[in-house]
Amino acid sequence: MKSFAACLFATVLLATGAVDKEIKDARQVANLRALAALHPIDAHVHIWKTDPEFTAMLERWNLHVLDILYVDDKQPSSLSLNAQRAAALGFVRSAHGHASLCTTFDPFRFSQPGFIESTINGLNADFADGAIAVKIWKNIGMELKDSDNRYVMPDDPRLEPIYRDIEAHNKTLIAHQAEPDVAWGPPDPKALDASYYAEHPEWNMEKIPGAPSKQTILAARDHLLALHPHMRVIGAHLGSMESDVNLIAQRFDLYPNFAIDTGARVPHLTIQSSAKVRAFLIKYQDRVLYGTDNEFSGPETGSAAVEEWEKQLALDWRYFASADRFDYNGRTVQGLHLPAQVLKKIFHDNAVHWLPGINDSASQH
């Protein structure tokens with residue numbers, strides 16, 4: 001039998017754990033309420049399901065999301081573009097004004113006859129259905145090849161009619177070109193994204209003979225910015241310049257039509273100097289959009305998705321808004337304690353500016 005002291009000690013541990021959880025839950029709710037006051041916009045998500053519990057979460061925290069489509073031929077479980085579009089439109093229409101659509105096109109039809117015409121027709125149909133932006137994904141630059149077996153870069157002249165059409169419709173281009181540095185090696189098990197490339201070796205460019213360098217892809221993206229100074233372009237995932245905010249600042253100074261989102265890259269900010277990141281965000285407060293890259297599309301239940309999303313939103317808000325030192329997914333980080341006006345821009349105003357037409361309930365407040 002356990003001694004009375006042992007039982008008492010176990011009871012105290014359980015009680016302490018319960019109190020810690022209550023404190024943690026209370027802090028999360030407080031962070032979410034502070035965030036909700038801004039009517040936040042998550043400018044980078046992937047949702048292909050409709051669920052009342054999930055929609056209730058959006059309403060509870062005044063959250064608006066940009067639902068982004070992309071074509072991934074490397075994942076057998078990925079939905080086709082048509083299936084994604086139908087599912088996303090179903091979600092957007094059921095979200096009571098809390099969601100907008102970012103469409104895309106199938107780049108793997110690039111060398112087929114009529115590619116440009118059919119792509120433009122498809123985009124225009126999506127614009128008519130309410131799409132406010134177009135995504136080009138990392139397969140342009142990292143995977144797609146033309147009929148001569150040459151990699152197709154984002155500034156390929158053959159894509160020009162598509163960009164002109166996007167610009168003519170006053171839509172925004174969301175450009176996910178390249179990946180974190182570790183995708184080009186050398187292998188680093190301590191890198192923030194090492195586990196992703198262990199699970200997805202198909203995107204480990206170090207293992208692909210003749211693959212273009214990251215610098216080549218980003219140079220082509222920059223050339224696209226220069227070619228289209230009047231087209232708004234949002235570089236997804238910190239514009240794939242996640243290792244150093246100074247790299248982003250250099251592009252901001254050169255290309256006034258360029259902004260970034262934070263999708264899946266807040267951890268990369270947390271490992272840089274907090275003073276440096278804070279100064280960057282204050283100086284370029286009009287050019288950064290909050291995004292998570294969260295998904296809700298597979299067998300996950302609505303309640304599980306709500307738990308995951310609320311945790312992420314609360315953590316990110318605490319990082320940007322507080323002066324706390326706290327645990328962020330296993331690492332101790334320093335909160336940035338950004339000024340209120342900067343927080344409002346990152347979490348709300350910048351999305352309204354860079355994504356005209358976003359169905360933004362907060363614009364009424």
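Predicted model: local features only at pLDDT ≥ 70, side-chain atom pairs only at ≥ 80, totals over all residues.
For sorting lining residues, I count Ala, Val, Leu, Ile, Met, Phe, Trp, Tyr, Cys and Pro as nonpolar, Asp, Glu, Lys and Arg as charged, and the others, Gly among them, as polar.

The largest cavity holds about 50 Å³ of space. I listed its lining as Val71, Thr104, Phe105, Pro107, Lys135, Ile136, Trp137, Asn139 and Ile140. Strand E4 (133-136) and helix H5 (139-142) are the elements that give two or more residues to that lining. By class I got six nonpolar, two polar and one charged.

**Sheet**

Next I traced the strands. I read an open sheet of nine strands with parallel pairing, in the order E8-E7-E6-E5-E4-E3-E2-E1-E9. Which strands sit at the edges? Strand E8 (288-289) and strand E9 (294-296) do, each pairing on one side only. I also looked at one pair inside the order: strand E6 (residues 233-235) and strand E7 (residues 258-261) run parallel and share three bridges. In that pair I see Ile234 opposite Ala259 in E7.

Helix H13 (residues 302-321) lies across strand E1 (41-47), strand E2 (64-68) and E9. I noted an angle of about 170 degrees between H13 and E9.

**Largest pocket**

I moved on to open space. The largest pocket has a volume of about 1400 Å³. It is lined by 50 residues, and the closest to its centre are Tyr196, Ala264, Thr292, Asp293 and Glu295. Which element gives the most to this lining? I find H13 again, with five residues. E1, helix H7 (194-199), helix H11 (266-270) and E9 are also among the elements that supply at least two residues each.

**Second largest pocket**

I then opened the second largest pocket, with a volume of about 470 Å³. It has 14 lining residues, and I noted Lys24, Asp25, Gln28, Lys311 and Leu315 as those nearest its centre. Here helix H1 (4-36) gives the most, with six residues. H13 and strand E10 (325-328) each supply at least two. How does this lining divide by class? I get three nonpolar, three polar and eight charged.

**Recap**

Definitions and conventions
Residues numbered from 1 in each chain as written. Heavy atoms only, no water. 1 Å grid on protein atoms, 1.4 Å probe; cavity = no way out; pocket = protein on both sides within 12 Å on 5 of 7 lines; lining within 4 Å. Points joined across faces, edges and corners; volume = space filled by probe spheres on them. Helix = DSSP H or I, 4+ residues; strand = E, 2+ residues; numbered from the N terminus. Pairing = 2+ DSSP bridges. Contact = heavy atoms within 4.5 Å. Axes fitted to C-alpha atoms, helices over the stretch in contact; angles between N-to-C directions.
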